[in-house]
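Thanks for coming. I will go through one structure today, and I will keep to what can be read from the coordinates. Please look at the sequence and the structure first.

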Amino acid sequence: MINADRRSGMLGTVSDGYIRLIPTDREWQPSPEGAAAATAYVARLFSGPEEDVEEVQHEFYDRVTLIDAGENTARISCSTCDRDIDMEWFNDLIDESGESFDSLDVSAPCCGAAVSLASLRYDWPVGFARFEVCAMNPTRAKYELDAEELAEVAVLLGHPVAQILAHY
């Protein structure tokens, strides 16, 4: 999507930022009530006078799904041999799987070792989960959730969470 910046007369690309919260156990899913409570809590974190969020929603996935960092991820390295993995290989794998997996086990393209996609080293955190709470285009003085806020989300869901910051 292209956006005309009326102040400068320049064309700019519109992009979106996301805070994605996932359970630390990739197979775990909360109750519907826990999911709704956590989603409402995250929305309230962006409800102050200088704060905003375009949308906060939760999603349950049938299979383990990649919760990526979007354009933030520019480099992946192998957890076995430490060599860089071509992003094209990773993107092709994701395209083939539709971002959902029955198994995260793959053969590393660099050394042939059997590795889990979760064990690869990503330059920005990514995760794999069957549930997420996602805040789209949040705005406030401190962008990401702090440890106390993450702990409250964990209490509401009934399970510890990890935070993935994504940009598309």
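**The sheet and what packs around it**

Let me start in the sheet, where histidine 58 stands opposite valine 133 in β11.

Now the pairings of β11. Strands β4 and β11 run antiparallel and are joined by 9 bridges. At isoleucine 67, the bridge partner in β11 is glycine 127. Strand β3, residues 17–23, also runs antiparallel to β11, with 4 bridges between them. On that side, leucine 21 stands opposite valine 133 in β11.

How many of the residues of β11 are buried? The count is 10 of the 10, so β11 is largely enclosed by the rest of the structure.

As a general point, nonpolar side chains tend to be buried together in soluble globular proteins. Here the largest nonpolar core has 27 residues, and Leu117, Tyr122 and Phe128 touch the most other members. Elements that each supply at least two residues of this core include β4 (55–67), α2 (87–97) and β11 (127–136). There is also a second, separate core of 19 residues, with Ile19, Phe46, Leu145 and Leu157 among them.

What does tyrosine 122 touch, leaving out residues up to four places away in sequence? The list is Thr73, Arg75, Ile76, Phe90, Leu117 and Phe128. Tyrosine 122 has a relative accessible area of 15%, which is under the 20% cut-off, so it counts as buried.

Leucine 66 is a residue of strand β4. Its relative accessibility is 1%, so leucine 66 counts as buried. With residues up to four places away in sequence left out, leucine 66 touches Arg20, Phe90, Ile94, Glu99, Phe101, Val126, Gly127 and Phe128. Proline 23 is 43 residues from leucine 66 along the chain, and their C-alpha atoms are separated by 13 Å.

**Aromatic pairs**

The count of aromatic pairs comes to 4. I will describe two of the pairs.

One is phenylalanine 60 with phenylalanine 131. The ring centres are 5.0 Å apart and the planes are at 55°, so this pair is tilted. Phenylalanine 60 lies in β4 and phenylalanine 131 in β11, so the pair ties together parts that are 71 residues apart in sequence. Are these two rings on buried or exposed residues? Phenylalanine 131 is at 0% relative accessibility and counts as buried, whereas phenylalanine 60, at 33%, is partly exposed.

Another pair is phenylalanine 90 with tyrosine 122, and it is edge-to-face, with 5.8 Å centre to centre and 65° between the planes. Phenylalanine 90 is in helix α2 and tyrosine 122 in strand β10, residues 121–122, so this pair ties together parts that are 32 residues apart in sequence. At 6% relative accessibility, phenylalanine 90 counts as buried.

**The whole chain and its confidence**

Overall, the chain has 3 helices and 12 strands. Of its 168 residues, 44% count as buried. The C-alpha trace spans about 55 × 50 × 25 Å along its principal axes. Of the contacts with a separation of 6 or more, 78% are between residues 24 or more positions apart.

On confidence, the mean pLDDT of the chain is 92, and 92% of its residues reach 70 or more. Where does pLDDT stay under 50? That is residues 1–10, for which the model has 14 contacts beyond four places in sequence. Where pLDDT is low, the predicted coordinates should not be read in detail.

How values were computed:
Residues are numbered from 1 along each chain as its sequence is written. This is a predicted model: local features need pLDDT of at least 70, side-chain atom pairs count only at pLDDT 80 or more; totals for chains, interfaces and linings use all residues. Side-chain values use heavy atoms; hydrogens and water are left out. A nonpolar core is a set of buried Ala, Val, Leu, Ile, Met, Phe, Trp, Tyr and Cys residues joined through side-chain atoms within 4.5 Å. Buried means under 20% relative accessible area, exposed over 50%, partly exposed in between (1.4 Å probe, protein chains only). Contact means heavy atoms within 4.5 Å. Rings of Phe, Tyr and Trp (its six-membered ring) pair if their centres lie within 6.5 Å; planes under 30 degrees apart count as stacked, over 60 as edge-to-face and the rest as tilted. Two strands pair if DSSP finds at least two bridges between them. pLDDT is the predictor's confidence in each residue, from 0 to 100.
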